[in-house]
Amino acid sequence: MLRLGRVPGRARATAARPSRSCRAISAGMHSATVHPAAGGQSSVNPDEIAHFSRLSQQWWDERGEFGLLHKMNPVRMQFIRNKVLEIQREEDEARADEAQPLGGLDVVDVGCGGGLLCESLARLGGRTLGIDASASNITIASLHAAADPALAPSSSSAGAKGKGMLAYEHTSVEDLLAQRGPGTFDVVCSMEVIEHVDNPRTFLTNCATLVKPGGHLFLSTIARTPLSYFLTIFAAEQVLRLVTPGTHTHSKYINPDEMLEFFLTTPLPPSDAAAAAAAPLDRDCTQAPSAPASRPWISRLYGGAPLRTEAEVRGIVYLPWKGEWMLVPRGAPGARLWAEACNYLFWVRRPVE
């Protein structure tokens with residue numbers, strides 16, 4: 001049974017303390033410092049990459065293999081847009097931009113596939129980078145975006161920054177972190193990806209480490225319940241053949257309470273990554289700035305739920321009679337038992353330093 005892992009009770013109090021260490025790290029050691037933060041593990045599963053690479057030609061076929069994701073995309077964007085606007089209004093009502101809430105923000109979509117989410121993020125104003133460990137996915141995403149000159153995509157296996165609103169790069173989250181360094185994106189998204197990776201705790205840590213202080217991390221995944229097995233594997237794969245059999249592995253699903261527990265008990269970013277973030281400002285090793293504090297992003301739970309300004313879980317439900325997904329309203333009765341027992345969206349915010 002796959003779990004993100006909990007900090008042992010005896011160690012939990014220690015793990016939650018902010019790291020006060022401040023070491024001068026030369027710029028040349030920057031990449032070498034980031035990698036150990038992930039425990040030296042790769043989250044890329046070669047079998048999963050091969051599977052989705054074989055299906056890459058179907059990404060933009062709304063009636064094909066990824067038809068359900070096409071229908072899910074408006075709901076995912078609704079959640080992202082509303083949550084970013086909610087926090088903007090919370091801090092400064094004048095700052096909220098209804099038309100382009102991601103305007104001026106650096107955004108990355110980890111495991112972007114064919115670019116379904118990326119194009120939508122770019123159209124909301126985000127300077128968007130899509131990354132994927134499958135080269136064929138990046139090729140398809142770039143070709144499709146090229147049909148819209150406003151997106152001005154670019155593709156590179158060595159580091160894409162692009163001149164427009166959208167760029168693609170064939171890389172993993174580990175390599176992106178080593179290349180760009182921690183705290184480089186205002187918004188990090190990874191939708192329907194974590195259930196396909198190896199070492200999900202490492203993957204989640206790396207995604208979180210990319211987030212700037214005060215930035216957002218958005219995830220979409222599937223809970224590990226009998227209902228999710230029935231709907232996503234038995235029904236969708238084996239009976240209806242809506243997706244290729246073998247696409248999902250039930251034991252790799254992650255429950256919402258496990259996601260909350262991770263951000264409640266795990267100090268982020270890892271202490272060595274936090275120190276590395278300060279390193280470029282200290283090339284001469286004098287007057288070293290203090291490394292950003294490593295601490296859990298969720299302070300506490302209230303009746304099993306976090307503060308809405310720290311994190312949020314929202315179930316999404318497919319309505320076959322309408323042929324569309326629905327974002328379950330906040331506070332819906334019994335949502336944890338039914339709405340969050342299969343597909344759900346997760347948002348968490350990195351504390352402002």
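In which hand, left or right, does α4 pass α5? The crossing is right-handed, meaning that the near helix is turned clockwise from the far one by less than a right angle.

Some ground rules. This is a predicted model, where local features need pLDDT of at least 70 and side-chain atom pairs count only at pLDDT 80 or more, while totals for chains, interfaces and linings use all residues. Residues are numbered from 1 along each chain as its sequence is written, and side-chain values use heavy atoms, with hydrogens and water left out.

Back to the pair. Helix α4 covers residues 67-91 and helix α5 residues 116-123; helices are DSSP runs of H or I, at least four residues, and strands are runs of E, at least two. Their axes come within 10 Å and cross at roughly 35°, using lines fitted to C-alpha atoms over the stretch in contact, on a scale from 0 to 180 degrees between N-to-C directions. Among the residues that meet are Leu69 and Ile80 in α4 and Leu117 in α5, where contact means heavy atoms within 4.5 Å.

Next, α10, residues 256-265. Here 8 of 10 residues are buried, that is, under 20% relative accessible area with a 1.4 Å probe, protein chains only. Phe263 is one of them, and Phe263 touches Leu217, Trp297 and Phe346, among others.

Last, Arg314, in strand β7, residues 311-319. Why is Arg314 counted as buried? Because its relative accessibility is 13%. Residues touched by Arg314 include Phe79 and Tyr344.

Key: Buried means under 20% relative accessible area, exposed over 50%, partly exposed in between (1.4 Å probe, protein chains only). Lists of a residue's contacts leave out its neighbours within four places in sequence.
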